[in-house]
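Take a look at the sequence and the 3D structure below. The report after it walks through selected features, one topic at a time.

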Amino acid sequence: MSRADSSVTTPGAIDVDGVAVRPRTSLLPPELAAESARTWDVATHVPAVPEELRLPGSASVRERLTALHRRHLLRERRAQEFVADTMNARTGLPIADTRRVVRFIGGLLSRERRLVLAVVLANALAATAGLLVPRLLGELVDSTVTDVQAGRVEAALAGANAAAFVVAGLVVLQSVFTLAAKTSSAVLGQSVLASAREYVVRAILRLPLSRVESASSGDLVTRVTRDVGTMSESVRWALPESIIASITVVLTLVAMVSNSPLLALPSIVLMSLALIQVRRYLDRAPKGYLTEGGTYSRINTTLTETVEGARTVEALGLSGHRLRRGDDDIEVSGQAERYTMTLRNLLFAVMDVAFSLPRVLVLLLGAVGYAQGWATLGQITTAILYTEALWGPFEMLVHTVDRVQVGIASTTRLLGIATVPADRVAGDAQPSGRELAGSDLRYAYRADHDVLHGIDLSLNTGERLAIVGPSGSGKSTLGRLLSGIHGPRTGSVTVGGVELTSLPLDQLRTEVALVTQEHHVFIGSVRDNVVLAREGSTDEQVREALRAVDALDWVERLPDGLDTRLGSGQQALTPGRAQQIALARLILADPHTIVLDEATSLIDPRTARHLEGSMNALLTGRTVIAIAHRLHTAHDADRIAVVIDGRVAELGSHDELVERDGEYASLWRAWTS
């Protein structure tokens, strides 16, 4: 029976919450595919969202309002719990506290004191010029009334003409100051944004690899994409606009009080009442937006895992399960967004009331004041104009505060990356040789669950050691310890008598380097991708490195040779060619000890065999630790370490281990049969 004939339709992938899904075929035997799907289908499905958060069916208006309030409080509690859990997380990526964010923003602004001063001064001058116009018009009203009542009509007209020229001059002056303010605020925003991005990039590059691996891929991707974008918007737009609006509001209030304390009273009282809701919003919004960002990370994680594991999902009949998982993530995110949306709606509802009432109250109070002789028509006119001038900037201030809160939440998540403690402290000791040795090596990804159990290994300079064993036995973990990626839980790994984790990273990579089956092609030319390992390398050195990994031939056939652009949207490389670029970087880095963790696994066996043969001549004189499933690598090694269940079960040459007829001999017979 052919392979196509043996495929079966995967059960459990037809109806997902009432939505028809195109049947998939699985290459598993029918009974195994059915069991795989049934395992997931019969599992207890814990609702992603509590029933209390779902809309009630038939209910009275009062019951609906009560349920709405109850849902809002429950969402608030969920946001508080999420932030508390994230702040105290021992794995994954944490978030920073508010004080750190304030210090960070303050530090950014302090480095741009002149620009900040220019923004404040230019906006103050623009606001002052604009505020002089209502005052001038108010005085014009009073003088005109006085002149008309006294019969001085020509004087009134002359005064109006003079006032028009002054107003025109003030408008032009305000435009000039506004242009200067906008320009300086744009420069400030871009300058602060550049500094913030540089800080974030440095923080990401300093992350210990062990912490990166414990975090979900979706979380890191969300932080360096959505959160960076949100922070950028806040820095470029919301932060300067909030400065502008704050200055305008403060100066307008001063002008209102100087015009008439009585007529300024409605605006001051209603603004004070509105600030109560603003403060309430500011107390709750950060946790809401942090939770919102966390749900986006959850969505990205599920989506990334599903796409990367698409073949496994299809083979095991898990399409329905993954779709339900995605739906759950979206539902959780929807609840988080409902909470922040409710906070915004409450804020804007109060602001709308506070924005509309002062106009009416100023007119009423003005009418009473005019009748009692407490206010003139000019003061009432000025007060009305100031009221209109006040609430525009105040409304803008509230909107920018909302955007700043979103930006602060994203900045909190970004700064959380910088709070991850370093996993090593660089010392001053220098290696006295090239001998690599590990003693009593134990390591655990989870507390009290060691995956390595007291391994001892010593390598001589120039020796080639192959590490073999079944999947999950701890080979790659051992390789990461021997290359200094992770520090052991107990024991030590030294090179020339110095602990690997005490060496500065730039020096460590000149001593020991790790190449895995994972690789990355950066946006840039072929040359740029290779010389990352050693800046300043010549084209001839780059070609020699490419030639050593059998890549020079196909690189020279590319449209622009070494200048061919690679990366997203540019020249695409097969996984095998991308791995060759990674190996060329290694050769250019020129470490004396190399750990190859299945470095040729993505290249077809024939090419990999030829590539490894070419590398052998280049690796002469270096210590090489090769971790691979292909046992011909072990056959060529000086010694072979067989790792079983986190322990070195056997250690010796190929001939010695075959003659011993133990674990390695069994693996070799299985490989060659």
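## Salt bridges

D661 and R669 form a salt bridge, with their closest N and O atoms 2.9 Å apart. R669 is partly exposed, because its relative accessibility is 44%. Keep in mind that this is a predicted model. The structure holds 14 salt bridges.

Another one joins R489 and D450, where the closest N and O atoms are 2.6 Å apart. This pair links distant parts of the chain, 39 residues apart. R489 lies in the loop between α13 (475-482) and β8 (490-495), while D450 belongs to strand β6 (residues 449-459). D450 has a relative accessible area of 21%, so D450 counts as partly exposed.

The side chains of R639 and E463 also meet in a salt bridge, at 2.4 Å from N to O. R639 sits in strand β15 (residues 639-644), and E463 sits in the loop between β6 and β7 (464-468), so the pair ties together parts that are 176 residues apart in sequence. How exposed is each partner? R639 is partly exposed, with a relative accessible area of 23%. E463 is buried, with a relative accessible area of 8%. Salt bridges can also join up into a network: R527, D539 and D563 are linked in this way.

## Aromatic pairs

A search of the whole structure finds 2 aromatic pairs. In one, the ring centres of F104 and Y199 are 5.0 Å apart and the planes are at 45°, so the pair is tilted. F104 is in helix α4 (residues 98-110) and Y199 is in helix α6 (residues 153-205). The two residues are 95 residues apart, and the pair links distant parts of the chain. F104 is buried, because its relative accessibility is 11%. Y199 is partly exposed, with a relative accessible area of 23%.

The rings of Y664 and W668 have their centres 6.3 Å apart and their planes at 20°, so this pair is stacked. Y664 and W668 are 4 residues apart in helix α22 (residues 663-672), so about one helical turn separates them. Y664 is buried, and W668 is buried too.

## Nonpolar cores

Which residues touch the most other members of the largest nonpolar core? This core has 30 residues, and the answer is V526, V530, V542, L546, W554, L573 and I581. At least two core residues come from each of β10 (512-516), α15 (526-531), α16 (539-548), α17 (552-556), α18 (575-589) and β13 (593-597). The largest share, 7 residues, is supplied by α18.

V542 gives a local view. Not counting residues up to four places away in sequence, V542 touches V530, V531, L562 and L588. Another core lies apart from the largest one. This other core has 29 residues, among them A274, V278, Y289 and V406.

## R534 and its contacts

R534 is in the loop between α15 and α16. R534 is partly exposed, because its relative accessible area is 37%. Leaving aside neighbours within four places in sequence, R534 is in contact with L588, A589 and D590. R534 and R585 are 51 residues apart in sequence, and 8.0 Å apart in space from C-alpha to C-alpha.

## Helix α11

Is D329 buried or exposed? D329 is found in helix α11. D329 is buried, because its relative accessible area is 1%.

V360 is partly exposed, because its relative accessibility is 46%. V360 belongs to a nonpolar patch on the surface, together with V353, L357, L361 and L364. These residues have about 410 Å² of accessible area together.

## The whole protein

Now for the overall numbers. The protein has 22 helices and 16 strands. Buried residues make up 44% of its 673 residues. The protein exposes about 34,100 Å², and carbon and sulfur atoms supply 58% of this area. Among contacts between residues at least 6 apart in sequence, 76% join residues at least 24 apart.

Definitions and conventions
Residues numbered from 1 in each chain as written. Predicted model: local features only at pLDDT ≥ 70, side-chain atom pairs only at ≥ 80, totals over all residues. Heavy atoms only, no water. Phe/Tyr/Trp six-rings, centres within 6.5 Å; stacked < 30°, edge-to-face > 60°. Buried < 20%, exposed > 50% of the residue type's maximum accessible area, 1.4 Å probe, protein only. Core = buried A, V, L, I, M, F, W, Y, C linked by side-chain atoms within 4.5 Å. Contact = heavy atoms within 4.5 Å. Patch = residues over 30% accessible without salt bridge, like charges linked within 9 Å, V, L, I, M, F, W, Y side chains within 5 Å. Areas by Shrake-Rupley, 256 points an atom, 1.4 Å probe, with all protein chains shown as cover. Salt bridge = Lys/Arg side-chain N within 4 Å of Asp/Glu carboxyl O.
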